[in-house]
Amino acid sequence: MTQFRRYIPVIAVIAAVVVLQVVLSATHATYYMTQITMSAYYALVVIGLCLLMGYAGQVSLGHAGFFAIGGYTTAVLTTLNLLPYRDTPLVKLCSSLGLIFQRQDIYGADILSFSPWVAFVAALLLAVIIAFLIGLPVIRLKGHYLAMATLGFGLIIYRIVLGGSIFGQADGISNIPPFMILDGLQVNGRVPYRVMNYYIAWSVVAAAMVLAINLVGSRIGRALRSIHENEEAAHSLGVDTYRYKLFIFVLSALFAAVGGVLLTHYNGSIGPSEVTVMKSVRYLVIVAVGGMANLWGALFMGIILNFLSLRGVFGSYDDAVFAIILIVIMLFAPQGLLRMPRLPALWHGLQAREDTAKPVPSEVEGMAVPQKQSGGSNG
Amino acid sequence: MCPGGKKMNLPQVVQYCFAGITVGSIYAIVAIGFNIIYNTTGIINFAQGEFLIVGAMTAISLNHFVPLPVAILLAVVITTLLGGLIELVFIRRAQNASVLHLIVITIGISILMREAMLHIWDEKVRSLPYFTGTGVSTITIFGAHISPQVLWVLGVSAVIVMGLTPFFRFTLTGRAMRACADDRMAARLCGINDKWMVTLSFMLSAGIGALAGCVISPVTQTQYDMGAPLAIKGFTVAILGGLGNSMAAVVAGLLLGLVETFVMSQFDVAYKEAVSIVILLLILVFRPSGLFGKHEITAMRAV
């Protein structure tokens with residue numbers, strides 16, 4: 001029963017996703033689905049980062065780098081034209097194994113390149129290997145040192161992308177073919193495939209959430225939380241802190257890479273703007289706003305904030321809005337907006353302040369209002 | 001790229017040395033800014049690089065109305081006040097926050113400052129005029145042609161470093177700040193207002209940052225988003241010298257500046273950024289206490 005209860009929110013979200021699709025289709029507002037689909041892929045990065053930051057307490061300022069490793073690997077492999085090398089033994093071998101397919105580019109010229117499945121697997125493998133190699137030394141670091149090291153990693157990936165001609169430098173890579181998952185099922189950003197891709201993205205997110213929830217509730221999840229609470233204590237109790245931290249670092253990089261691969265096929269292009277430090281900070285903001293150790297908070301905030309940002313609601317103040325949200329949340333609601341169990345404490349705290357006739361800072365009141373309302377039904 | 005190495009004659013070596021020392025001394029000033037705040041609060045202020053840009057940008061704007069020395073002085077004062085304001089508004093409220101939260105807050109501040117600068121000063125690359133002479137006037141030393149601005153950079157950096165040492169050693173305020181760095185609770189028990197010392201440390205590092213930003217502006221020019229790379233390099237230098245150790249930061253800064261310049265002279269300019277990041281990662285992995293630091297101290301501090 002408890003096993004089942006754990007999945008009630010998952011089922012509720014799936015129901016909400018279906019209802020949303022029906023409503024959007026009925027009101028002929030399906031164009032919203034494009035941004036929702038993109039937000040869902042970004043949410044994958046956020047879910048992974050939430051496991052790393054929220055549960056294991058390890059900061060990463062380089063997750064856009066892992067996203068880019070996924071996205072750029074698939075972009076390069078599926079657009080690399082192997083036609084001139086058609087007769088080399090290696091290409092012939094790959095061809096006979098069905099790893100290569102022929103298509104036509106937008107000008108009608110033939111292109112022989114790796115199939116997206118090959119690229120997908122290669123991208124994930126590469127992300128895991130790089131995350132492991134980077135993680136080996138870096139995950140030993142703490143606090144500021146870890147933040148700066150991961151930031152440095154992100155910057156190096158950015159420089160490589162910007163400087164490497166194979167990565168299209170400032171232009172990025174475009175004309176990336178759709179990802180045929182099965183016959184008739186493909187990751188494709190074109191309008192006829194909108195509803196299909198909406199469901200593909202949400203299926204991937206649902207799978208990631210189920211995986212993450214199970215992980216958090218497992219022995220590994222308990223170990224991670226003990227590391228977050230007090231690493232020395234966890235270590236002295238026999239938790240192999242280093243191994244667990246490394247594992248979760250690699251896993252969260254894998255989540256980011258999956259998001260990167262799928263979004264790249266969906267958009268048909270990828271550019272250096274996906275790899276900037278600001279992108280990494282954005283993922284971190286979303287995890288923080290969601291309440292750090294709160295997978296559902298991370299998912300909701302990931303969808304909502306990315307959706308608003310992609311719709312251009314924030315205009316040229318996009319980055320500034322994220323920064324302000326970040327600071328306000330950190331100062332006034334460090335447990336995140338959706339953290340319900342803390343509400344009674346906050347409520348008591350406010351009352352206690354009023355009792356002692358201390359002026360309540362107006363911002364605190366402002367922040368507390370939506371919480372009080374949403375918490376009303378909670379008791 | 002030619003890893004075999006380009007042959008260099010003496011004037012060229014001198015030329016590169018000066019270039020390296022110039023950027024290196026600026027890195028050192030950024031690192032000292034990091035150290036001042038780190039020592040009193042245990043926070044790494046990710047917005048340190050932005051102070052340089054705010055200072056330079058303010059001076060550039062003011063220079064339209066007032067003479068250069070006045071513009072720089074005002075810019076330093078304004079940035080100093082801004083530093084204090086940031087501490088009062090953001091950092092003081094977050095006193096009980098964890099390191100993770102504080103990192104996130106200062107990152108937020110740095111983005112906010114960068115975006116504000118983008119909207120105030122747009123994306124254009126600007127610069128202050130050369131303090132003496134013009135962009136083409138040079139002084140010849142050992143056959144190398146050095147811009148007089150380089151001497152300004154070196155001179156001002158030296159004055160900042162020389163000034164800070166007696167400030168921390170002999171003045172009451174400086175000693176109080178050091179006391180807070182040593183043991184905040186004990187300092188408070190001695191009657192030191194530790195909260196104001198933290199504010200002061202933000203003001204001080206904002207002020208010297210602004211001054212450094214002004215003197216380097218004619219050489220490197222100034223753009224709204226140049227703060228982050230400066231912060232990374234400043235942090236590399238601070239780590240290289242051992243976090244909190246300002247004198248070692250000077251040595252480390254000059255070292256990084258020289259290494260970077262000579263690598264640039266041999267390889268592609270595109271790899272300039274990568275040099276300091278690779279050094280940063282190596283030093284973090286192999287000697288997180290810095291080149292001159294004792295291991296245990298930083299290990300304790302880092303937690």
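## Core and chain contacts

Leaving aside neighbours within four places in sequence, A:A288 is in contact with A:L326, A:I329, A:M330 and B:V104, where contact means that the C-beta atoms of two residues, placed from the backbone, lie within 7 Å. Please keep in mind that this is a predicted model, in which local features need pLDDT of at least 70, side-chain atom pairs count only at pLDDT 80 or more, and totals for chains, interfaces and linings use all residues. Residues are numbered from 1 along each chain as its sequence is written, while chains are lettered from A and ligands numbered from 1 in the order in which they are written.

A:A288 also belongs to the largest nonpolar core, which has 205 residues. A nonpolar core is a set of buried Ala, Val, Leu, Ile, Met, Phe, Trp, Tyr and Cys residues joined through C-beta atoms within 7 Å; buried means that 20 or more other C-beta atoms lie within 10 Å of a residue's own, with C-beta atoms placed from the backbone. Among the members touching the most others are A:V46, A:I47 and B:V30.

Within chain A, 42% of the 379 residues count as buried. Chain A holds 16 helices and 4 strands, taken as DSSP runs numbered from the N terminus (helices: H or I, at least four residues; strands: E, at least two).

Turning to the two chains, 31 residues of chain B are in contact with 29 residues of chain A. α4(B) gives the largest share of the chain B side, 12 residues. These helices of chain B each supply at least two residues to that side:

| Helix of chain B | Residue range |
|---|---|
| α4 | residues 99-121 |
| α9 | residues 227-241 |
| α11 | residues 272-286 |

Technical notes:
A residue is buried if 20 or more other C-beta atoms lie within 10 Å of its own, exposed if 12 or fewer, and partly exposed in between; C-beta atoms are placed from the backbone.
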